[in-house]
Amino acid sequence: MGHIVVLDQNMVNMIAAGEVIERPASVVKELTENSIDAGATKITVAIEDGGRKLISVSDNGSGMDAEDLGRAFEPHTTSKIRTSTDLACISTLGFRGEALASIASVARIRAVSRNKDSPGANCIEIDCGDKGKVGPCSGDYGTTIQVRDIFYKLPARRKFLRTGNTEMGHIAEQFTRIALGCCRQGEDSGEAGLDLTLIHNGKEALRLTAGQGLLERINALFPMLSANPSNDFLQARTSERGLEIRALLGKPAISRTSNKFQYVFLNGRCIRDKFISHAIREAYRGLLEPNRFGVAFLFITMPFEDYDVNVHPTKSEVRFYNANLVHSQILGTIREKLLGTNLDIEARLPAAIGLLGAEESPTDSPRGMEITDAMADFFKKHRAGHTQRQFGFGGGRRFTAERGSAATVIEVPPRQPIPKIPAERKRFLQIHDSFIVAQTDDGFIIVDQHALHERVMYEDLRNRVQEGSLESQRLLIPQSFELSDGQAALIEENAELIEKLGLDLVPFGPRTMAVQAFPSLLAKADPLDFVQDLIDLLEKREAGPDPQRLLDEVLNMAACKAAIKAGQRLTDSEMEQLLLSRDMVESASRCPHGRPTTLKFSLADLEKQFKRT
Ligand code: ADP
Ligand code: MG
């Protein structure tokens, strides 16, 4: 006798539910997606105990008549597709026809719905697949689905639910995706379309009104992200070959330690895509330190037939037919915007300098706090040995502030306007052989000499390589080095790159090569040291040829080696040169590694700190 049996339908549904319904947040996702597909303009999500007790979603969408209501909870029932042609061009969020059946197989359901044609509302109750009859009841146009005691007949799965608060966190995340996804019109259209309310344990947790712009909505959803969204975000938009990209990009100053704040929406659907994450990371390269992630909200609009959503049970991954186009356009859109923007860090003077006993400096964002702390540290460290100072403005109030054993005497000048200094009398000063303090029209800047020079070198190298005008110099005596066969093969493989760099490497005996010519621009660097690092880079490089990226890495490395170091004393003309080149290079406010090159302080801030205003 055979051992194989056909599973009954409820078992099939429960198994399907294992894929689609992982936790209460999955129910929220499926139900709200259905509401959006039904054309709702208002959705209310009410949760009790993180969804363990109740998940209720009400909408004012098209609703269902009695017949559809009875059918909606059967497996593989959908109004969204009919034929395989439809499957190739899906414009709705749902299409698999399994969400309601899955949910109904693992919880107690009560659904009430009414459409424009039915005289009244109808209702159905289902208890873990055990379906009651559809009957009339009272209710508004639209649909309300209540899901209670999720997994109560599946103790093994119920056990995996976390505390109410944790589950609520997941629900809030789903809610956020829905709230942003329907915001794809972007800020300037001022149209968010959907009025959304989230209620937890009877209290309103979030209310998003229909007319909100994107920035406003982001601010309501993530108040901790930015204290000043209109300053911290950049907007970009491109449209090419049917692919439209709208991006809201956080400036590097509000970067994060994870990519949690990178949201990607494809025709309103929130997706996760490795290719796109990679494009975002690449776009922020050099503007962020390696362990930081840009904040980015991307809204992609493209023809439905250009990608396949039917690759993942929760439809959170898609397959693009032209992934390269998507990657390159996203990268280009973001990169161009970021590089075309002045990203200087506006630093605020820390109260910690406050020998004057200033009250707490107003640090209204976590980032502001970081800068303040960093600056406080900087001034603390660099104040050692400068404990006794007199500023002879004369005529003012004088007092002493005790700092350990050393007394600092400071004269406070009488209030008078600070005279404007003509632009030609620009002033600068090198401190600790590492930083340059320079006066600007409306304040001053502190430049990290190594970081800035590195950036300048990088831009210069990149331009020259692109134009093919990187000069090289023959070495009087070729410098030889040993290498393995594998390394020799790598050098051969990358001959084109090596030539572009103005390097001439020639065989010089068994497992030995020599540097015969070296780029003049890198004169400060040691040729052998440079070649060694180049080989390391070639060996380390990730699989998959990406010549542009490799070149970029090599240029970063070269720029770092050839740049002025911290601790190097500079002449006035060298400093002047460096400050001048600052204005000329693209994105000079960041070194190629993403550290800032410049901190900016405004006169207004100084005046405030010194209580002049
Ligand atoms: P899918 O969304 O993939 O079609 P579901 O199981 O989620 O499958 O829903 C089945 C059907 O029930 C939908 O196709 C739709 O016709 C109907 N339906 C579900 N939710 C709603 C709703 N909130 N308003 C109107 N109709 C709905
Ligand atoms: Mg659905």
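# Close-up views of a predicted protein model

**Figure 1. Overview of the whole protein.** Buried residues make up 47% of the 613 residues in the protein, where buried means under 20% relative accessible area, exposed means over 50%, and partly exposed means in between, as found with a 1.4 Å probe and protein chains only. This is a predicted model, in which local features need pLDDT of at least 70 and side-chain atom pairs count only at pLDDT 80 or more, while totals for chains, interfaces and linings use all residues. Residues are numbered from 1 along each chain as its sequence is written, chains are lettered from A and ligands numbered from 1 in the order in which they are written, and side-chain values use heavy atoms, with hydrogens and water left out. The protein has 19 helices and 26 strands; these are DSSP runs numbered from the N terminus, with helices being H or I runs of at least four residues and strands being E runs of at least two. Of the contacts with a separation of 6 or more, 67% are between residues 24 or more positions apart, a contact being heavy atoms within 4.5 Å.

**Figure 2. The buried face of helix α8.** Helix α8 spans residues 214–221, and within it L214, L215, R217, I218 and L221 are buried. Seen down the axis of α8, these buried residues fall within an arc of 160°, so they line one face of the helix; the arc is that of the directions from the helix axis to the C-beta atoms.

Figure 3. Strand β11 (residues 243–250) and strand β14 (residues 296–301) run antiparallel and are joined by 6 bridges, and the bridge partner of A247 in β14 is L298.

**Figure 4. The surroundings of Q430.** Q430 lies in strand β20 (residues 428–431) and, at 15% relative accessibility, counts as buried. Its side chain makes a polar contact of 2.8 Å with the side chain of Q449; a polar contact is a pair of N or O atoms within 3.5 Å, and within protein one must be able to donate a hydrogen and the other to accept it, while residues adjacent in sequence count only if both atoms are side-chain atoms. A polar atom of the Q430 side chain also lies 3.0 Å from the backbone nitrogen of L570. Not counting residues up to four places away in sequence, Q430 touches F435, I436, Q449, Q568, R569, L570 and M575.

Figure 5. S113 lies in strand β3 and counts as buried at 0% relative accessibility. Its side chain makes a polar contact of 2.9 Å with the side chain of T143, and a polar atom of the S113 side chain lies 2.8 Å from the backbone nitrogen of M64. N115 is found in the loop between β3 (108–114) and β4 (121–127), and N115 is buried, with a relative accessible area of 12%. The side chains of N115 and S118 are joined by a polar contact of 2.8 Å. Leaving aside neighbours within four places in sequence, N115 is in contact with S62, G63, M64, D65 and Y141.

**Figure 6. Strand β25 and its partners.** In strand β25 (residues 512–519), 8 of the 8 residues are buried, so the strand is largely enclosed by the rest of the structure. Strand β23 (residues 472–482) runs antiparallel to β25 and is joined to it by 7 bridges, with T512 in β25 as the bridge partner of E482. Strand β24 (residues 504–507) is also antiparallel to β25, with 4 bridges between them. β24 and β25 form a hairpin with 4 residues between them, and G509 in the turn has a positive phi of about 120°.

Definitions and conventions: Pairing = 2+ DSSP bridges.
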